[in-house]
Amino acid sequence: MGCGVTKSNHLHKHTTSSGRAIRAAILIQRWYRQYVARTEMRRRYTWHIFQSIEYSGEQAQIKLYNFLGYLMDNFTPSSNERNLISHIFRENEVCRDAEWERYFCYKNIEVPEIYSGPHLTFPLTVEEAVGLVEAFRNKKQLHSRYVLQLLLETWKLLRMLPNINRISTCHSKEITICGDLHGQLEDLLLIFYKNGMPSLEKPYVFNGDFVDRGRDSIEILLILFAFLLVYPSDVYLNRGNHEDHIVNLRYGFTKEVLNKYKMHGKRILKLLQKIFSWLPLATVIDQKVLVLHGGISDSTDLGVLARVDRHIYISALRPPKKRHHSLAGISVDSDTDVDTAAISRVFQRRASFTYPKPLGTRDCFQNRSLQDFSDRIRVNMENQLELSRREEPILNAQINKPEQESLFLSTDSVSSDTTVNEWKQILDLLWSDPMTQDGCIPNEVRGGGCYWGPDVTEDFLNRHNLQLIIRSHECKQEGYEFCHNRKVLTLFSASNYYDVGSNRGAYVKLGPDLVPYLIQYQASSMTRELTVRQSVGRTERSALRVLREQLFAHKSDLLCAFRKFDSENTGLVSLNDWASAVESVMHLDLPWRMLRSQLVTCKNSEGTIDYYEWFNELAITGSKTDHIDQSLLETLYRHRSTLETIFRIVDTDNSGFISMQDFRQTWKLLSVYLKMEITDEAISDLAITIDSNHDGSIDIDEFMEAFRLTDKKSRLERGRSMFMGTTSDLTKLEGDPNI
């Protein structure tokens, strides 16, 4: 009996113990699931913050370029506004290739004996291409003589290539395809380390967006061009939407080249314009896989794309103009911009009187996408052709030279319908994104290209007898993503794009079976040392820093929204009202209530938020800004990138300085673009504030840095955008007590 009691007690204890263990396991499981859900939510809203701000920047760039093009089409040639921006629209004023080659000549540039970087001889050898990779790995710089020589040889080769490369896996076992690199040399080096450098046995396709945002864009270009010259049948380069000199003004590549090559940077940039325009548009593998940068639309036709004169599309943001012969014999053997419009100005003035163009309202301009402007082009087509016929006899009398002697071409008349259609095809190819629902709609998020659905993919593949589209253009957290029933693969090769740990990079291998084999990686050693929680937290903090800047930059709109909920003007709003007001202004579709603890620390005991105190917490401004008009200051913060882009355009000699007059004119342009009044007095106060040495000129970099928003709790890296931070930069910030 005693034994029986003992067994019963043991059984009871065992049952109790098991029950506790099960309950503990359930609690742990529940906690873990909640933890995973919270982590996933944080990861998603962090990603949403980054992408929303990235795409809004691209949209702002396209709207700005549309606006400047609108000024060019409608302002008289003698107007200050037109003169200020006209040089960026001269891209189609071309001369004979021999003349350009003389302009880009490198032979008069001497390489000093103290130069310790790589030396190149042409034809380029494999050893020299590999040596270039090693030199850039060791932070050495290629001399400008070799840069120009390498770029010239690349330009000559690209002119012989078709619009659409067609390659086969039968000559090798596998073809490697890489997506966006965006100036991140460490990603390219890691790909070469894991997969091997380009060779006869290791062909590569690089799918555009080699430049911008990262700090080593020129080095990436030089490496890719070097291997292209060594293996012209095994290295293929597609054009991306960032291979565009207008986009480069905003996203850092222009500034990078001018900083690294101060003496010959302008000539290098001009040659790169030519090279970008000659990059092939797409690659077809085994007649079954199409590789292109952005995407397709319901009107994309590979037959049309194969026939276009791709080099006339220097910038995909604006259709090229029909060319008329202009003055002959103008030398281009200098670094100054040539004014080729002089002879046609009289006709442009006549045009403005004979065929006046309606300016329209500025309200209608702000929300226009690129396609909106093609309609105006077609409407004015007949008038422009008639005007051209009237001008021709007078123009010929002015020139009085045979046609074959004419070196330059002007761009004053409007494109034909065929050219506009071709331009739309290229625009869609470089800027489009896939969507989950059927159909094809304008891409209002980016401002250019379209969104296309699974039905458009199916129809396109059937029409061209293809089975897969590989595209890039979008950052993906895993480095890749399939959609449209796995018939579209998005590939992105720039890891840690938004911040360290924000995303993986990936490349894909295709063998004869054409089954994608994907390889993922992260270039930063720091990510391997972080736990998942640390990685998500780090990226989240970076996104919140950017979000705080955006919130402060919209201060006046947010104040108006808060006052609608605060009818008694107490300065206090509830948490629900705060979240509703912020979303009504920002339109980011974020979980604002959840983010409140991250963004607001000034909640009082009653649970309400003091929004005046909140704005004081969000950002600090230097003492130099106290006397500046606050609306002007907010405009500067909100449209900082747009303003810097205009500065870069106005700085025609790429010196980094602009005169006071041009500074004032820049703000006038911005005021027209933003539909707001900015007084001369406010602009003068701003100019005096920044011109500390009173030399009558403005240092662009100094100006932009002087008015960079900083946050008390987590300061963004000074001097670089959120898209240009690197591992070493972030490591230096680790010890900052304010972060």
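In the predicted model, helix α6, which spans residues 185-195, has as its buried residues Leu-185, Asp-187, Leu-188, Leu-189, Ile-191, Phe-192 and Asn-195, where buried denotes a relative accessible area under 20%, exposed over 50% and partly exposed in between, with a 1.4 Å probe and protein chains only. Helices are DSSP runs of H or I with at least four residues and strands are runs of E with at least two, numbered from the N terminus. In an α-helix there are 3.6 residues a turn, so residues three or four places apart point the same way. The cover over the buried residues of α6 includes the helices α4 (126-137) and α7 together with the strands β2 (175-178), β3 (204-206), β15 (505-510) and β16 (517-521), contact being taken as heavy atoms within 4.5 Å. Gly-196 follows α6 and has a positive phi, near 95°.

Residue numbers start from 1 along each chain as its sequence is written. Because the model is predicted, local features need pLDDT of at least 70 and side-chain atom pairs count only at pLDDT 80 or more, while totals for chains, interfaces and linings use all residues, and side-chain values use heavy atoms, with hydrogens and water left out.

The chain contains 29 helices and 20 strands, and 56% of its 739 residues are buried. Of the contacts with a separation of 6 or more, 76% are between residues 24 or more positions apart. The accessible surface of the chain, from the Shrake-Rupley method with a 1.4 Å probe and, for residues, only the protein chains shown as cover, is about 32,800 Å², with 51% belonging to carbon and sulfur atoms.

Apart from neighbours within four places in sequence, Leu-272 is in contact with Leu-151, Ile-218, Leu-221, Phe-225 and Phe-253.

Across the whole structure, 18 aromatic pairs were found, a pair being two rings of Phe, Tyr or Trp (its six-membered ring) with centres within 6.5 Å, and planes under 30 degrees apart being stacked, over 60 edge-to-face and the rest tilted. The ring centres of Tyr-497 and Tyr-498 are 4.9 Å apart with planes at 55°, so this pair is tilted, and both residues are buried. For Trp-578 and Trp-614 the centres are 5.6 Å apart and the planes are at 80°, so the pair is edge-to-face. Since Trp-578 belongs to helix α21 (residues 575-586) and Trp-614 to helix α23 (residues 611-618), the pair ties together parts that are 36 residues apart in sequence.

Asp-566 occupies the loop between α20 (555-565) and β17 (572-573). Although buried, Asp-566 has no salt bridge, the nearest side chain of opposite charge, that of Arg-563, being 6.9 Å away; a salt bridge requires a side-chain nitrogen of Lys or Arg within 4 Å of a carboxyl oxygen of Asp or Glu, and for charge Lys and Arg count as positive and Asp and Glu as negative, with His and the chain ends not counted.
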